[in-house]
Amino acid sequence: MGRPIREFLWASAVCVIAVGWFFRKPLVSGGHAFRFPASEALRFVPEWHYSVFPAHALVAQSLREGVFPLWAPQAQGGTPLIAKMMPGVFSPFELPYYLLSTKVLHHAAALSAALKLYFAFVFVYLFARIVGVGWCGGV
């Protein structure tokens, strides 16, 4: 194994540990990273729970039933589902939503976010190394 590959594997290990530590609560428990008092829950719950999460659940359910998710009949009297950017139907980072059960969609959301951060790190690290930045600077 060459030195560049070994350096990349060490950098990847550092990234996996950092991202895993950052997403430890959502990945393990499937809950939220932050807890709010019940009296203030609606004020602090992000938009993701009202707009993005139902779209992801609908896409995952449609694909499991063998139906291509073209239309969301529940939202606003019916809206096109593929034309919206939020569900990201064709994004490879949405695979956790399609592969995991709808009961663990919070785990899928955390896994999807962790994958995005990991791949962002990988490509920035590779770019930094190509430009001539050292290992520590790349990490």
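To begin, how far apart along helix α1 are Glu7 and Arg3? Select both: they sit four residues apart in helix α1 (residues 3-22), so about one helical turn separates them. Keep in mind as you look that this is a predicted model. The two side chains meet in a salt bridge, with 3.0 Å from N to O. Arg3 counts as exposed, at 58% relative accessibility, while Glu7 is buried, at 14%.

Arg129 is partly exposed, at 30% relative accessibility. Show the three residues together and you have a network of salt bridges linking Arg3, Glu7 and Arg129.

How many salt bridges does a search of the whole structure find? It finds three. To see another one of them, select Glu94 and Lys116, whose side chains meet at 4.0 Å, N to O. Glu94 is in the loop between β2 (79-80) and α5, and Lys116 is in helix α6, 22 residues away, so the pair links distant parts of the chain. Glu94 is buried, with a relative accessible area of 5%, whereas Lys116 is partly exposed at 40%.

Now zoom out and switch to cartoon view. Of the 139 residues, 29% count as buried.

Time to go inside. Nonpolar side chains tend to be buried together in soluble globular proteins. Here, the largest nonpolar core has 12 residues, including Leu58, Ala72, Leu81, Val89, Tyr97, Tyr98 and Leu105. Colour α4 (52-64), α5 (95-99) and α6 (105-131), the elements that give two or more residues to this core. The biggest giver is α4, with four residues. Click on Ala72 next: leaving out residues up to four places away in sequence, Ala72 touches Leu58, Gly78, Thr79 and Leu81. There is also a second, separate core of nine residues, with Phe23, Ala114, Phe121 and Val122 among them.

Leu63 lies in helix α4 and is partly exposed, with a relative accessible area of 35%. For the protein as a whole, the accessible surface comes to about 9,300 Å², and 71% of that belongs to carbon and sulfur atoms.

How values were computed:
Residues are numbered from 1 along each chain as its sequence is written. This is a predicted model: local features need pLDDT of at least 70, side-chain atom pairs count only at pLDDT 80 or more; totals for chains, interfaces and linings use all residues. Side-chain values use heavy atoms; hydrogens and water are left out. Buried means under 20% relative accessible area, exposed over 50%, partly exposed in between (1.4 Å probe, protein chains only). Accessible areas come from the Shrake-Rupley method with a 1.4 Å probe; for residues, only the protein chains shown count as cover. A nonpolar core is a set of buried Ala, Val, Leu, Ile, Met, Phe, Trp, Tyr and Cys residues joined through side-chain atoms within 4.5 Å. Contact means heavy atoms within 4.5 Å.
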